[in-house]
Amino acid sequence: MNDSVHAATASLIARLVRPEVRSLTAYAVAHAEGMIKLDAMENPYPLPVPVAARLAQALARVPVNRYPDGAADDAKLALRRHLKIPQGHDLLLGNGSDELIQLIASTLARPGATMLVPEPSFVMYRLSALNAGLTFAGVALKEDFSLDVRAMLDAVEREQPALIFIAYPNNPTGNLFAATDVEAILRAAPGLVVVDEAYYAFADASFLSRVGEFPNLLVLRTLSKVGMAGIRLGYAVAAPEWIAELNKLRAPYNVNALTQAGVGALLADAGWIDEQAAVIRAQRGRLEVAMAKWPKVRVYRTQTNFVLARFTDATRIFEGLKAKRILVKNLDGWHPLLRGCLRITVGTPEENDALLSALAELNPDS
Ligand code: PMP
């Protein structure tokens, strides 16, 4: 492209692209070749060999010349069986739960409608509000990252939000809000409350069995944190009436045929998922105990596959780890409550050994 075409493109963009989109920066995924990757809440384990073999067989049979099953019935059946989803609830599948967050926001984006979210929380909620044209209202968590229920209920009263997102457990703080606090919000909310259980496998509580109790409850989950981030499969569980409405804006073939075929094979015998999650939980406990030994590090207990810790000099530690080929997430600057915080995904025992010895060399107490 020559200079005049570049200039013309820039002027078209300035005129046509929504200003709020122009002022964004695209979600950056860090390059991690050759690094110990503890930045993205992935499960560090590969598939067990028999599961990988089953997957390979299932994928080889997929007629990729054809569009996938638009309703993804077999994949839904596999998920239903695996999750023991009670009768009376329906499922909606997405290309990751990210897509479903977007779909829910778009479906409820009547003119003037508001999305309410406790903050800090998962950044895609805010982005989806912007994308859908919803007004975004954030309510700060308390210093200890618990829900400020009083402030949430005041905001519910004031904003009358069409939609509330509650990550349960929360990302990036990792804690599980009190169920009674979430119930209070469900009862007071005039709109839909999405309880996002992306980290359910590492937590001690869930709202999944309670979908029938509240007409305004939708539970969102994903396979991403339990060893299958690559297949991009998220799912929403709610009353059939909600699912029917959301389904209208879904792109017809949003879950590709390889993922649909894969999920049956991956979940056919899903003991491996719980086994890997149990090891990750145990390793999380080990990291939390080991890191709490540095007096200047404040470790927050989490119910996720990551640990959260506050350092007096988070950026030095983050850069020091990176220089030692260990990638974590630096949350310093994301939100005032996250000052000095690093989010560290739990790795394999060997990766965690490497992390702890790298931290010891960097000496967070210095
Ligand atoms: N919800 C929460 C709370 C998350 O932390 C994430 C991933 N970071 C997601 C949803 C999205 O997961 P995915 O699109 O991979 O299903």
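**Close-up 1. Ala72 in the loop between α3 and α4.** Ala72 counts as buried at 4% relative accessibility, where buried means under 20% relative accessible area, exposed over 50% and partly exposed in between, with a 1.4 Å probe and protein chains only. The residue is placed in the loop between α3 and α4; helices here are DSSP runs of H or I with at least four residues and strands are runs of E with at least two, numbered from the N terminus. Although Ala72 is not a glycine, its phi is positive, at about 50 degrees. Most residues other than glycine have a negative phi, and most peptide bonds are trans. The structure is a predicted model, in which local features need pLDDT of at least 70 and side-chain atom pairs count only at pLDDT 80 or more, while totals for chains, interfaces and linings use all residues. Residues are numbered from 1 along each chain as its sequence is written, and side-chain values use heavy atoms, with hydrogens and water left out.

Close-up 2. Arg325 is another residue other than glycine with a positive phi, near 65 degrees, and its place is in the loop between α12 (314–323) and β11 (326–327). At 43% relative accessibility, Arg325 counts as partly exposed. Glu119 and Pro120 are joined by a cis peptide bond with omega of about 5 degrees, and Pro120 lies in the loop between β3 (114–119) and α6 (123–132). A cis peptide bond also joins Asn171 and Pro172, with omega of about 15 degrees; Pro172 is in the loop between β5 (163–167) and α8 (179–188).

**Close-up 3. Lys76 in helix α4.** Lys76 belongs to helix α4 (residues 73–83) and, at 21% relative accessibility, counts as partly exposed. When its neighbours within four places in sequence are left aside, Lys76 is in contact with Ala71, Leu91 and Leu93, contact meaning heavy atoms within 4.5 Å. Val263 is 187 residues away from Lys76 along the chain, yet the C-alpha atoms of these two residues are separated by 9.0 Å.

Close-up 4. Leu233 lies in the loop between β7 (217–222) and β8, whereas Tyr235 is found in strand β8 (residues 234–238). Leu233 is buried, with a relative accessible area of 1%, and Tyr235 is buried with a value of 0%. Not counting residues up to four places away in sequence, Tyr235 touches a set of residues that includes Leu79, Leu93, Tyr200, Arg221 and Thr222. For Leu233, with neighbours within four places likewise left aside, the contacts include Leu79, Leu93, Thr222, Val255 and Val263. Tyr235 and Gly96 are 139 residues apart in sequence and 7.7 Å apart in space, C-alpha to C-alpha.

**Close-up 5. Side chains around the ligand.** Of the 14 residues around the ligand, Ser97, Asp196, Thr222, Ser224 and Arg232 come nearest, a residue being near if one of its heavy atoms lies within 4 Å. A polar side-chain atom of Arg232 lies 2.7 Å from an oxygen atom of the ligand, and an N or O atom in the side chain of Tyr199 is 2.7 Å from a ligand oxygen atom. The side chain of Lys225 has an N or O atom 3.1 Å from a nitrogen atom of the ligand.

Close-up 6. Asn43, in the loop between β1 (36–37) and α3 (49–60), counts as buried at 12% relative accessibility. A polar contact of 2.8 Å joins the side chains of Asn43 and Gln276; the term covers a pair of N or O atoms within 3.5 Å, where within protein one must be able to donate a hydrogen and the other to accept it, and residues adjacent in sequence count only if both atoms are side-chain atoms. The Asn43 side chain also reaches the backbone nitrogen of Tyr45 at 2.8 Å. Asn330, in strand β12 (residues 329–330), counts as buried at 18% relative accessibility. Its side chain makes a polar contact with the side chain of Thr315 at 3.3 Å, and a polar atom of the Asn330 side chain lies 3.1 Å from the backbone nitrogen of Asp332.
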